[in-house]
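Please open the structure in your viewer and follow the stops below in order.

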Amino acid sequence: MSDLGTFIAGLPKAELHLHIEGSLEPELMFALAQRNGVAIPFASIDEVRAAYSFSRLQDFLDIYYQGANVLVTEADFHDLAAAYFARVAADGVVHAEIMFDPQTHTDRGIAFDTVIRGLLSAMEEAEAEHGITSRLIMSFLRHLDEESAFATLAMAEPWLDRIAAVGLDSSELGHPPEKFARVFAAARAKGLRLVAHAGEEGPPAYVEQALDLLGVDRLDHGNRSLEDPVLTARLAREGMTLTVCPLSNLKLCVVDDMADHPIDRMLAEGIRATVNSDDPAYFGGYVADNYVAAAEARGLSRQDLARLARNSFLGSFLDDAAVAAHLARLDAYVAEAR
Ligand SMILES: Nc1ncnc2[nH]cnc12
Ligand SMILES: [Zn+2]
């Protein structure tokens, strides 16, 4: 590993933008397809990987929802999340706030309880085995209607003490945040934190809606905010965390080239940007790979990388004491590496 790679792998960090269904590696997809007798339209693992070529978000989503069909039992959800935690333990991840999409599973007859029990047991194990703490974010699929989101929130009722936040993902264009303003208000009233994807493919106006109509605590992606200088200044002024995903942006053509990635511009504008993997099994890398790709393409310094890791704790839903402890460990690591 390069010096840069070694520094990044050891840098304590939180991952704040990770869809657990997007960490389904082709090897596990095949194993689960066999275990559950589910047919998949691929003859080999190489064929699966060859299909991962996308020119927009929707190309990816079509394949991602198809892949999720192999997830059936509580053990499947457990194994999926356990594989993620084992993998990112090597990436310096000490805390992860992971999204799951209940509707992807409940709409095909899998019980909400099956999904969440599997994920929660893997999260408990990850803390014991890898020292990684984690939180759950329940994301609503924005291509579905408000009624379906409300039904999902109702299913989550017995589990609210184990869910940190709700999120909003899937096809952005044509599904503005305003469509979910009432569901987000209801989630807020139940004590949940709020995050939403906005400004990945959607315009700056969608980011404004996420802030003003949903009242999000954190913004997923947010790239297109930079098209609007007033919005850019507002995000910086309000200390809004952006969970940016460089390899995802490249794979989904949000940027044409990593050399054009705006991560350092976000930092220069004073935005609390973080680096995350989004759907690592589909986009060619886990969180440390995202730091390395951005650092190499944009010439990020160790100071920039430490800033990004620092932002990941500041933008997390951990309490102040836990954030302070992580920051102290991060500072010690950076001082030691000098
Ligand atoms: N990058 C992304 N954007 C929107 N929805 C998603 N679901 C999983 N990954 C996503
Ligand atoms: Zn995402």
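A residue counts here as buried if 20 or more other C-beta atoms lie within 10 Å of its own, as exposed if 12 or fewer do, and as partly exposed in between. The model on display is a predicted one.

**The annotated span**

Begin by selecting residues 12-328, which an unreviewed UniProt entry annotates as "domain: Adenosine deaminase".

Eight of them form an open sheet with parallel pairing, in the order 1-2-3-4-5-6-7-8. Strand 1 (13-19) and strand 8 are the edge strands, each pairing on one side only. From one strand to the next, the twist averages 25°. In general terms, the strands of a sheet pair through backbone hydrogen bonds, in either a parallel or an antiparallel arrangement.

Now select strand 8, residues 272-275. Which way do its residues point? Arg 272 and Thr 274 point one way, whereas Ala 273 and Val 275 point the other way, and all are buried. Strand 7 (residues 241-244) runs parallel to strand 8 and is joined to it by four bridges. To locate this pairing, select Leu 242, whose bridge partner in strand 8 is Ala 273.

Continue to strand 6 (residues 218-221), which pairs with strand 7 in the parallel sense over three bridges. Here Arg 218 has Thr 241 of strand 7 as its bridge partner.

**Strands 4 and 5**

Select strand 4 (residues 165-169) together with strand 5; the two pair in the parallel sense over two bridges. Val 166 stands opposite Leu 194 in strand 5. Strand 5 is largely enclosed by the rest of the structure, because five of its six residues are buried.

**Two helices**

Select helix 10 (204-214). Which of its residues are buried? They include Tyr 206, Val 207, Gln 209, Ala 210, Leu 211 and Leu 214. An α-helix has 3.6 residues a turn, so residues three or four places apart point the same way. The cover over the buried residues of helix 10 includes helix 9 (181-189), strand 5, strand 6 and helix 11 (229-237). Just after helix 10, Gly 215 takes a positive phi of about 70°.

Then select helix 7 (residues 112-130), which lies across strand 2 (93-100) and strand 3 (133-141). Helix 7 runs at about 155° to strand 3.

Centre the view on ligand 1. The residues around it are His 19, Gly 22, Leu 57, Tyr 64, Asp 169, Ser 170, His 197, Glu 200, Ser 248, Asp 278 and Asp 279. Sorted by class, this shell has two nonpolar, five polar and four charged residues.

From this shell, select Glu 200, which an unreviewed UniProt entry lists under "active site". Glu 200 is found in the loop between strand 5 (193-198) and helix 10. Is Glu 200 buried or exposed? It is buried, because 23 other C-beta atoms lie within 10 Å. Leaving aside residues up to four places away in sequence, Glu 200 touches Leu 57, Glu 172, His 221, Asn 223 and Val 254.

Most residues other than glycine have a negative phi. Select His 221, one of the residues that Glu 200 touches. His 221 lies in strand 6, and its phi is near 75°, a positive value in a residue other than glycine. With 27 other C-beta atoms within 10 Å, His 221 is buried.

Move on to Cys 253, in the loop between helix 12 (246-251) and helix 13 (263-268). Cys 253 has a positive phi of about 60° although it is not a glycine. It is partly exposed, because 13 other C-beta atoms lie within 10 Å.

**Final stop**

Finally, select Arg 307 in helix 16 (residues 302-314). Arg 307 is partly exposed, with 17 other C-beta atoms within 10 Å.

Note on methods: Residues numbered from 1 in each chain as written. Chains lettered and ligands numbered in written order. Predicted model: local features only at pLDDT ≥ 70, side-chain atom pairs only at ≥ 80, totals over all residues. Near = placed C-beta within 6 Å. Nonpolar A, V, L, I, M, F, W, Y, C, P; charged D, E, K, R; others polar. Pairing = 2+ DSSP bridges. Axes fitted to C-alpha atoms, helices over the stretch in contact; angles between N-to-C directions. Contact = placed C-beta atoms within 7 Å. UniProt positions renumbered as here; feature names shortened; annotations may be inferred.
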